[in-house]
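Here is a short briefing on one protein model. Keep the structure open while you read, and find each element as it comes up.

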Amino acid sequence: MARLEGKVAIVTGAGRPDNIGAAVCDAFLREGARAVIATDLRVESTAALTGEMEGKHGAGRFKLVVQDATLEADWAALVETVLAEFGAIDVLVNNAGISIHGGIETTSLEDLRKVMAVNHDSGFLGMKHCAPALSETIKRFPGGGSVINTVSMASYMPNANNLGYHVSKSAQRMLTLCGAIEFGPKRIRVNSVHPGQTTTPLLKEAYEEYARLGLYESGQAGIQNLVDMCPLGIESFPEDTAHAFVYLASDESRFVTGASIYHDGGLGRRY
Ligand SMILES: NC(=O)c1ccc[n+]([C@@H]2O[C@H](COP(=O)([O-])OP(=O)(O)OC[C@H]3O[C@@H](n4cnc5c(N)ncnc54)[C@H](O)[C@@H]3O)[C@@H](O)[C@H]2O)c1
């Protein structure tokens, strides 16, 4: 039996074909998920991504929904749609994320609130609105419901140039831990995956901005610097990161909650 046979999953921030969310959707479908609902603000790649997933996994199991994950009304509508169409929500992946550069003196309050809204508040809203459905999963699967938050090694490491990202990721880590305690009795597990450097549009954009600030010769040089600092010394791609999500979504992790998987090639152990 496939590892996610019969499960229904929501993955936010999964609308770009080359990002972590899309790789998680792909891996979940490959592992037998009954349905995967990807959500994103972006609409321009809808046809391409849907075509790619249907080409690999067949029609009717992948659905891309336009959602602003920071809006409570969008969560209420999404949960209603998914329950009407698929009858369950077994796995919730809070993966949407943004980064706006700046330190304490150079970040506007508006930008700080925007980063907090996407990186932290969206997960809070997702957990709040999906909890009733996730608590039903235990009746069908021994692992119960599973929430997986895509956090970051940034949640542990300070950075003078990226305040909003690091502060919001730190809050998202604590949201995960509080959720694990609150939702345990409902047999909903809440865990986090902390990617280190994973080559995606977000990472490339972040390092191009660091290069503009003069911190590196180029964005690529900045990414190479990360690879060089990483004990394993290799680059990581979204499909590598997706394996950690499959484990946490599956019943193999039925006794695992409040856990953080560092998917960073050992980079964070240097700090
Ligand atoms: N790539 C890395 O090296 C890395 C490292 C650590 C953590 N992460 C985390 O992984 C997650 C995925 O990042 P990625 O690297 O794939 O980047 P990405 O930019 O490709 O993906 C993030 C997605 O979130 C979407 N999004 C932004 N605001 C949204 C909103 N309000 N509602 C719904 N969707 C929204 C974006 O449109 C984008 O598609 C993020 O939470 C990021 O912080 C990535």
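Two strands count as paired if DSSP finds at least two bridges between them. With that in hand, start with the sheet. This is a predicted model.

- Strands of a sheet pair through backbone hydrogen bonds, and the pairing can be parallel or antiparallel.

**Strand β5 and its partners**

- How many bridges join β5 to β6? There are six, between β5 (residues 145–150) and β6 (residues 188–195), and the two strands run parallel.
- Leu-92 stands opposite Val-147 of β5.
- In a regular strand, side chains alternate between the two faces of the sheet.
- On one side of β5 are Gly-145, Val-147 and Asn-149, and on the other are Ser-146, Ile-148 and Thr-150. Every one of these residues is buried, so both faces are covered.
- Six of the six residues of β5 are buried, so the strand is largely enclosed by the rest of the structure.

**Helices across the sheet**

**α4 against α5**

- Helix α4 (residues 109–134) packs on helix α5 (residues 163–183) at an angle of about 15°, and their axes are 7 Å apart.
- Angles under 35 degrees count as roughly parallel. The two helices are therefore roughly parallel to each other.
- Their crossing is right-handed.
- From α4, the contact includes Leu-112, Val-115, Met-116 and Phe-124. From α5, it includes Leu-163, Tyr-165, Val-167 and Phe-183.
- By class, this contact of α4 with α5 has 12 nonpolar, seven polar and one charged residues.

**α6 against α7**

- Helix α6 (residues 201–212) and helix α7 (residues 219–229) cross at roughly 110°, and their axes come within 7 Å.
- That angle lies in the range of 65 to 115 degrees. The pair is therefore roughly perpendicular.
- The crossing of α6 and α7 is right-handed.
- Leu-203, Lys-204, Tyr-207, Glu-208 and Ala-211 of α6 meet Gly-219, Gly-222, Ile-223 and Leu-226 of α7.
- This contact of α6 with α7 has five nonpolar, two polar and two charged residues.

**α1 against α8**

- The axes of α1 and helix α8 (residues 238–249) come within 8 Å and cross at roughly 55°.
- This makes α1 oblique to α8.
- The crossing of α1 and α8 is right-handed.
- Among the contact residues are Ile-20, Ala-23 and Phe-28 of α1, along with Pro-238, Thr-241 and Phe-245 of α8.
- The contact of α1 with α8 divides into 10 nonpolar, two polar and two charged residues.

- Where is Val-65? It is in strand β3. Val-65 has 18% relative accessibility and counts as buried.
- Beyond residues up to four places away in sequence, Val-65 touches Ile-37, Ala-38, Thr-39, Asp-40 and Leu-78.
- Val-65 and Asp-228 are 163 residues apart in sequence and 38 Å apart in space, C-alpha to C-alpha.
- Thr-198 lies in the loop between β6 and α6. Is Thr-198 buried or exposed? At 3% relative accessibility, Thr-198 counts as buried.
- Leaving aside neighbours within four places in sequence, Thr-198 contacts Ile-20, Leu-203, Ser-236, Phe-237, Pro-238 and Thr-241.
- Arg-187 is in the loop between α5 and β6. Its relative accessible area is 36%, so Arg-187 is partly exposed.
- Most residues other than glycine have a negative phi. Arg-187 has a positive phi, near 60°.

Notes:
Residues are numbered from 1 along each chain as its sequence is written. This is a predicted model: local features need pLDDT of at least 70, side-chain atom pairs count only at pLDDT 80 or more; totals for chains, interfaces and linings use all residues. Side-chain values use heavy atoms; hydrogens and water are left out. Axes are lines fitted to C-alpha atoms, for helices over the stretch in contact, and angles run from 0 to 180 degrees between N-to-C directions. Helices (H or I, at least four residues) and strands (E, at least two) are DSSP runs, numbered from the N terminus. Angles under 35 degrees count as roughly parallel, over 145 as roughly antiparallel, 65 to 115 as roughly perpendicular and the rest as oblique. A crossing is left-handed if the near helix is turned anticlockwise from the far one by less than a right angle, and right-handed if clockwise. Contact means heavy atoms within 4.5 Å. Ala, Val, Leu, Ile, Met, Phe, Trp, Tyr, Cys and Pro count as nonpolar, Asp, Glu, Lys and Arg as charged, and the others, Gly among them, as polar. Buried means under 20% relative accessible area, exposed over 50%, partly exposed in between (1.4 Å probe, protein chains only).
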